[in-house]
Amino acid sequence: MIVTEYELRANWHKTKDKVIVLPPGSVITPSARDFIRSKGIDVQIEGNGLQDINKNTLSNATQTIKTTQSESIQTRANPAPPSEASAGVKPEHMTHLRPGALVTKTHPVIAYRGQLDLFQCELVEAQVFFQGAGEETLIQKLEEIAALCRQLMVSEVKQEPFQWTTLIGLTPEELRERSHHPKKYFGIDHTPLSYTHGPIVAKLQHLRAKSREVELYANRAFTDENGACSRTDLIQALNRLSSTFYILACEVRSRKSKAREAKCVPLGTSNRHIHLSQTDLEALFGENYALKVQKELSQPGQFAAQETVTLVGAKGSMDKVRVLGPVRKNTQVEISVTDCFKLGIKPVIRDSGQHEGTPGLKIVGPVGSVELKAGVIVASRHIHLHTDDAKEWSLNDGDRVCVKVESQRPMVYEDVLIRVSDQYRKEMHLDLDEANAALIDPTCQGQLMGV
């Protein structure tokens, strides 16, 4: 049996006895012997009366008192293997609780320290994870938490009071208040854990659960069977630590929620129309002809003209197709898939301006006609963004995103092209077929879901 100072103190404080009775073969650690001497306690071995506590190993009448390895070998004909403790060597199954205090590695305080060590490892792993996700602010906050954990360890080992004022800028009282009222401070309710909250929140919730496990080990180490706790300072700090991770998770959820709300775009339905070059405009409407504005469009500088044309395909024609201005370098016809079927044209989806491999048709105006060789497209669904909006949303010209539309028939549009210019106004454009499929009305908006 290994007799430690910790065990002696625990038992002696209960009974205040001046005699302790130990089983044969007991090993008294140096700090335990110091405690026995300081309290004037007598040591008695079962069946062998009082013993000299200056000896490391205490035996009964059938054994000798072993002091050192050499004494044991000299005095016994058939010696047992010498005790590591009696030879002045720390046994592998034991460790120092404090200088001079040897305990088994299953000691509750040692177990607590191990959990605190493991927790700090997981903090570092989380920082690496957050670095890959670009969460620099979270990395710095975890660095602050790691510093607090290191101080927790130092305070416990040195048996010093643990003092702290704030963590992530909040006092202990503020941490508790905010973790209990997320709706008030972050605009979100208490909700069960969910994969829908994303990997960042999942990692923070994992750290929260781990901090609560460390707190549990601390309670086992410093709370006696009557409920008295010798290190309430450590317990309180660990309790607030779990609150801190919950707050960080709420902050991320709130930020993501606000970002989703912010990344909303109005929807515009684009009916069939045509953009004309100056050359084709004059061929259709006359020499030196200029378009007349009927109404301004949502995009600055763009307008619906008074002029219309007729489109003629292999199977049919369409009258009164609106011309949009101003004129462009090349003529482009934008129609829906349904329009293509009516005209007898193969539908080809293209970004604006990409005419290679697209079909043509005949355009008829009031004074002439044009045989267009290419340039008839089903326009890719796209979003116009001002450069400021694109910067705020971390988007670039040419990016592709997913957009969810809430309507009577909710729909997710994939592969939506981002168009960026300082001349654009925020708006998503769908053709008539796409808009009708989702029953889009003027009140509907699109919500960006991701790049």
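Let's start with residue classes: Ala, Val, Leu, Ile, Met, Phe, Trp, Tyr, Cys and Pro count as nonpolar, Asp, Glu, Lys and Arg as charged, and the others, Gly among them, as polar. This is a predicted model, where local features need pLDDT of at least 70, side-chain atom pairs count only at pLDDT 80 or more, and totals for chains, interfaces and linings use all residues. Residues are numbered from 1 along each chain as its sequence is written, and side-chain values use heavy atoms, with hydrogens and water left out.

**Cavities**

- The model has 2 cavities of 30 Å³ or more (a cavity is a set of points, on a 1 Å grid over the protein atoms alone, where a 1.4 Å probe fits but cannot get out; lining residues have an atom within 4 Å of a point).

**The largest cavity**

- This cavity holds about 130 Å³ of space (the space filled by probe spheres set on the points, which are joined across faces, edges and corners).
- Its lining has 17 residues, and Ser270, Glu334, Ala379, Leu430 and Asp431 are the closest to the centre.
- Strand E22 (427-431) and helix H13 (432-437) each give two or more residues to this lining (helices, H or I, at least four residues, and strands, E, at least two, are DSSP runs numbered from the N terminus).
- E22 supplies the largest share, 3 residues.
- By class, 4 lining residues are nonpolar, 7 polar and 6 charged.

**The second largest cavity**

- Its volume is about 50 Å³.
- Among the residues lining this cavity are His197, Gln205, Tyr246 and Arg253.
- Helix H8 (199-222) and helix H9 (232-262) each contribute two or more lining residues, and H9 gives the most, with 4.
- Here the lining has 6 nonpolar, 3 polar and 1 charged residues.

Technical notes. 1 Å grid on protein atoms, 1.4 Å probe; cavity = no way out; pocket = protein on both sides within 12 Å on 5 of 7 lines; lining within 4 Å.
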